[in-house]
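Dear colleague,

My notes on it follow directly after.

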Amino acid sequence: MKKSLLTKIVALLLLSIMVLGIAACGSSKKTEDAKDTKEEKAEKTEKEKVEEEKVEEEKVEDNKDSISEKEDDSSNGSGELKAFKLGMMDPGAWNATSGPLYAQMELAAETLNVELVYAGYDTNSAEGHIAAVQNLISSGVDAIILLNGPLIHGIIPQIAEICDEAEVYWSLSWTKLIEGNNDYNAAVNSDYFVSTTYENDVYSANWCTSILGEKGVKNIAEIGFEAGNATGDMRDQGIQEGLEEYDMILLGEERDITLTMSSDGGKTIMERFINSYPEMDGLIIAGMSQFVLSGVVSAMEANGVEDKISLSCIDFHEFQTDYLKSGILDGIIGGHVVGPFYSLILIANIMNGTPLTEDKVIVEDKFIELSSHEDALIWDEYGNTGNIYSSDEIEQMMVVNNPDYTIDDFMKMIEDYSLEDIVSRAEGN
Amino acid sequence: METNRNSNIIKLKQNLKYRNILIDAFPLLGLIIIILFFTIITSGNLLTLNNLKIILNQMFLYLIGGLGSVYLYAQGGIDVSMASNIGFSAILGVRIMYQHVGIGIIATLLIGSSIGLLMGIIYAYAGIPVFIQGLAMDFLLKGTLYPLSGFKASIPVPDRLLKFDNKYFAWIFLLIIFIFIFFTYNFSRFGKECRSIGAGEIASIQSGIKVKKNKVLAFFISGLTCGIVAVYTLIRTGSASQSTGLGFNFNVMLSLVLGGCVLGGGNGVKVRNAVIGAVTFVVLQNGLVLCGASARAQDIVKGILFVLMIVFTSKMYERKV
């Protein structure tokens, strides 16, 4: 028996070593590249950097000349893009909100010769974020895009310090920086900070309230973020403004994170609301609809209140098209998934020696508003397939390919983002 | 005949000795395999000086947390309210630090240990199951975090606190804690009694061990650990928020399991579990990112390793003589 145990342990060790060997052989090239990049970076002296900048400038000039000489080539994107490694926080499990984000980022990365490295942070804590940034830097990334803004408020000065020390460019997404506070000052004073994108949470919640208000709803309940969440606070403000505008009453709210992050939880919450507030004729899901909406709908159908209670939500859901078609859902706002993509365009231009601007870019990431079945079908066609911006369009956002592309074009593109804009660009108008 | 029997007994004893050594060394072997694996797959990037510094830096909190929890785990207990205790102590502590940094640090330690003490008293004298009590305390503390933070997403720490961000000081402090816990856990009466309670509470009571007193003391130490983690987190992150310490209790539990800790308590809980576990946990997290594994793959690898480790430690501990 003892011998048998020993044999098993030795066999396990040998098996592990064999697996190690196979795995190591399979990935040696990739890691060698990463190591080279890192070593190159470490060895880079100031003098070399200046020389490199000159070469880059010459390269841009050369590109400009060659593009003006060969107009046909320029329209096809003839510039050679520099390969680099981009670290990104994992947006989480694939769902209607994070899915289009993954798809758009991966299409852009493939088009722009970028290797994407994800860091999964286990706890969503401040400490977890810092550890994830350090691990990404250690893996040899040239730039990092951080997500989930509300969770990282307060640690931006530390992230700025870490990235500046490592000479790694960094951007934020879904993060509103308030002018004058520590986070804002740390970001704008960081040499390597590139951009932040944020959504207008007051607007999105107000839109949801107005969808119900226009239908004559008077008594609503809310499913929202836990108290103290910056995003949740702004959305509450938007709802409050809507309540006053349409003379509505907020009967009750549920913010328990153990319920608001699952379909089962959504069903439980809705059943409680239906039993506690017989007068309720509207519900707003002010975020995380991707988790709770199907449970809420299930409870509404089971209790036969789908015609009595109107429903509007923030954050897209995979069954939204069906729900809008059946009429159980009155409106849903989301699609704010292109913030990281915008950051990638800014970073890619910097990495290619042709920054779109020397300024830090702080820009609002627009929402997509769906209030009909037809709207939802359009989003299904373009948004869910990662074709919000096509490969050809992405190529033309690089100054190396398109020397006429400016920061104004970039900002206009962000400003124009809407369902109509997506359709119009796809149809080539 | 008698000689043969004696030689068989000696052989059996020797084999048992080797087997026990192997069982004890299993978590360390696991760590060596993980280090080897990531060293090869990252072409040595894992062991660069810069990355080693990052690993050391990241494992600091798990080491403190693991070391401070060994008494409780040895008794077969667990503190699932550690995360909210850290958040609570950090938010309240940072508010006091604006009056005086030194007093604020002491207050943070006192708040953490007071919550631990309260938990210990309730657990020992009210007889509530440890997990349920932890959950209840977790909800209670979590509910107060938002009002305590002045209804803000985060509170920046006073600049003077950031001057304490000295890694040498931190590691000397950790070394002192390690030595203290190593000796008290292995050689003091309290340490032995903790293991005895984990092995059998009723037998411990019958043999005259003051079980209730020991339970209170173990929770007190766990609470004090939360205070220390809160102070270090404030220094490291520069702010206190509702997400301060989030998930810490689970990460400590996972690192202890990876270090070979037997969750049932008793003699299967060792100080080295905390050390090996913290290193394994951080190397695993760091290595997976370094080798460019996708986020999904990272979760799968971690899940498989945790399950394997729990199965191996429990099965092997059963076989240990």
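**Notes on the two chains**

In chain A, 78% of the contacts with a separation of 6 or more are between residues 24 or more positions apart. Please bear in mind throughout that this is a predicted model.

Chain A contains 19 helices and 12 strands. Of its 429 residues, 56% are buried. The accessible surface of chain A is about 18,200 Å², and carbon and sulfur atoms hold 49% of that area.

Chain B has 13 helices and 2 strands. Buried residues account for 53% of its 321 residues. Of the contacts in chain B between residues at least 6 apart in sequence, 79% connect residues at least 24 apart. The accessible surface of chain B amounts to about 14,300 Å², with 71% of it belonging to carbon and sulfur atoms.

**Helix packing**

In chain B, helix α2 (residues 49-74) packs against helix α11 (residues 248-258) at an angle of about 75°, and the two axes are 9 Å apart. An angle from 65 to 115 degrees counts as roughly perpendicular, and α2(B) and α11(B) are therefore roughly perpendicular to each other. On the α2(B) side, the contact is formed by B:L61, B:Y62, B:G65, B:G66, B:S69 and B:Y73. These residues meet B:F248, B:N251, B:V252, B:M253, B:S255 and B:L256 of α11(B). By class, the residues of the contact of α2(B) with α11(B) are 7 nonpolar, 5 polar and no charged.

In chain A, helix α16 (residues 373-382) and helix α19 (residues 419-426) pack at an angle of about 50°, with their axes 10 Å apart. This angle makes α16(A) oblique to α19(A). The crossing of α16(A) and α19(A) is left-handed. Helix α16(A) contributes A:D375, A:I378, A:W379 and A:Y382 to the contact, while α19(A) contributes A:L419, A:I422, A:V423 and A:A426. The contact of α16(A) with α19(A) comprises 7 nonpolar, no polar and 1 charged residues.

**Buried positions in chain B**

Which residues of helix α8 (residues 189-199) of chain B are buried? They are B:F190, B:G191, B:E193, B:C194, B:R195 and B:I197. The cover over the buried residues of α8(B) includes α2, α7 (167-187), α9 (201-206) and α10 (211-237) of chain B.

B:N286 has a relative accessible area of 0% and is buried. Apart from its neighbours within four places in sequence, B:N286 is in contact with A:N135 and A:S138 of chain A, and with B:L46, B:N51, B:I54 and B:I55 of chain B. The C-alpha atoms of B:N286 and B:F38 are 9.3 Å apart in space, although the two residues are 248 residues apart in sequence.

The residue B:L141 is located in helix α5 (residues 130-148) of chain B. With a relative accessible area of 5%, B:L141 is buried. Setting aside neighbours within four places in sequence, B:L141 is in contact with B:S84, B:N85, B:F88 and B:I115. Of these, B:I115 is 26 residues from B:L141 in sequence, at a C-alpha to C-alpha distance of 9.6 Å.

**Positive phi angles in loops**

A:E167 is not a glycine, yet its phi is positive, at about 55°. The position of A:E167 is in the loop between α7 (156-166) and β4 (169-172) of chain A. A:E167 is partly exposed, with a relative accessible area of 30%.

B:S43 is likewise not a glycine and has a positive phi of about 50°. B:S43 lies in the loop between α1 (2-41) and α2 of chain B. Its relative accessibility of 21% places B:S43 among the partly exposed residues, since buried means under 20% relative accessible area.

With kind regards

Terms used: Residues are numbered from 1 along each chain as its sequence is written. Chains are lettered from A and ligands numbered from 1 in the order in which they are written. This is a predicted model: local features need pLDDT of at least 70, side-chain atom pairs count only at pLDDT 80 or more; totals for chains, interfaces and linings use all residues. Side-chain values use heavy atoms; hydrogens and water are left out. Axes are lines fitted to C-alpha atoms, for helices over the stretch in contact, and angles run from 0 to 180 degrees between N-to-C directions. Helices (H or I, at least four residues) and strands (E, at least two) are DSSP runs, numbered from the N terminus. Angles under 35 degrees count as roughly parallel, over 145 as roughly antiparallel, 65 to 115 as roughly perpendicular and the rest as oblique. Contact means heavy atoms within 4.5 Å. Ala, Val, Leu, Ile, Met, Phe, Trp, Tyr, Cys and Pro count as nonpolar, Asp, Glu, Lys and Arg as charged, and the others, Gly among them, as polar. A crossing is left-handed if the near helix is turned anticlockwise from the far one by less than a right angle, and right-handed if clockwise. Buried means under 20% relative accessible area, exposed over 50%, partly exposed in between (1.4 Å probe, protein chains only). Accessible areas come from the Shrake-Rupley method with a 1.4 Å probe; for residues, only the protein chains shown count as cover.
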